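Here is a quick walk through one protein model, going from its sheet to its core and then to its charged pairs. Keep the structure viewer open as you read.

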Amino acid sequence: MAVSVPMLVGAAGVCSEGCRVAGADSRPTAATPSDVPSEVVRAWAETAMSLPVPLVALWNVRDGLLTESGVAVYSAGCIGERNATYEVAQYAPGFLLIGDDSGGRGFLLRVDDPGSAVFSSDLGDLDPADFDVVAGDFASWIESLGTDPVR
């Protein structure tokens, strides 16, 4: 089953989930629609960062992803804990750790760029100078992961 990640951005940079586009202060506000999943609101609160719209769009389709090759895209419920554990805000400010390869490499997005490339880094070295680009954007990266996610 292929997972499509639509760009859900409307007027004023607001995605259909009620979050603003990364780079435009994508924090839920008092005006956030009540249909925004509590896990997305929790992810925003725990990371204290903008949430990349393509990631929120994926969460709208499925809450996280694990492929047969071991690549995981974190669920909204655990992304805050993963970013805190790896101290991403301290070592890679402006980036959000969105997943890993189950072998010590993490995948990150820039939160200030709605069309951010997907970066990869050793989780023990989160210096952006050492990041590798693994895909030009989130949607093509998700597509490259294959069509048969385990979850």
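## Sheet, core and salt bridges

Let's start with strand β1, which pairs with β2 (residues 72–73) in the antiparallel sense, over two bridges. Within that pairing, Leu66 has Ala72 of β2 as its bridge partner. Bear in mind that this is a predicted model.

Zooming out, the sheet is an open one made of six strands, in the order β1-β2-β3-β4-β5-β6, with antiparallel pairing. The edges belong to β1 (65–66) and β6 (132–135); each has a single partner strand, so one side of each is left without a neighbour in the sheet.

Now for the inside. The largest nonpolar core has 33 residues, and those with the most contacts inside it are Ile98, Phe138 and Trp141. Which elements give two or more residues to this core? They are the helices α2 (53–61) and α5 (138–144), along with the strands β3 (95–100), β4 (105–110) and β5 (118–122).

On to the charges. Side chains of opposite charge can pair when their charged atoms come close. Here the count comes to four salt bridges.

| Pair | N to O distance | Relative accessibility |
|---|---|---|
| Arg82 and Asp100 | 3.4 Å | Arg82 30%, Asp100 12% |
| Asp132 and Arg105 | 3.1 Å | Asp132 40%, Arg105 27% |
| Arg110 and Asp112 | 3.7 Å | Arg110 29%, Asp112 46% |

Take the salt bridge between Arg82 and Asp100. Arg82 sits in helix α3 (residues 79–85) and Asp100 in strand β3, so this pair ties together parts that are 18 residues apart in sequence. Is each partner buried or exposed, or something in between? Arg82 is partly exposed at 30%, while Asp100 counts as buried because its 12% falls under the 20% cut-off.

Next comes the salt bridge between Asp132 and Arg105. Asp132 belongs to strand β6 and Arg105 to strand β4, so the pair links parts that are 27 residues apart in sequence. Asp132 counts as partly exposed, and so does Arg105.

Then there is Arg110, whose side chain meets that of Asp112 in a salt bridge. Arg110 is partly exposed, and Asp112 is partly exposed too. As for networks, salt bridges that share partners join Glu81, Arg82 and Asp100 into one.

How values were computed:
Residues numbered from 1 in each chain as written. Predicted model: local features only at pLDDT ≥ 70, side-chain atom pairs only at ≥ 80, totals over all residues. Heavy atoms only, no water. Pairing = 2+ DSSP bridges. Helix = DSSP H or I, 4+ residues; strand = E, 2+ residues; numbered from the N terminus. Core = buried A, V, L, I, M, F, W, Y, C linked by side-chain atoms within 4.5 Å. Buried < 20%, exposed > 50% of the residue type's maximum accessible area, 1.4 Å probe, protein only.
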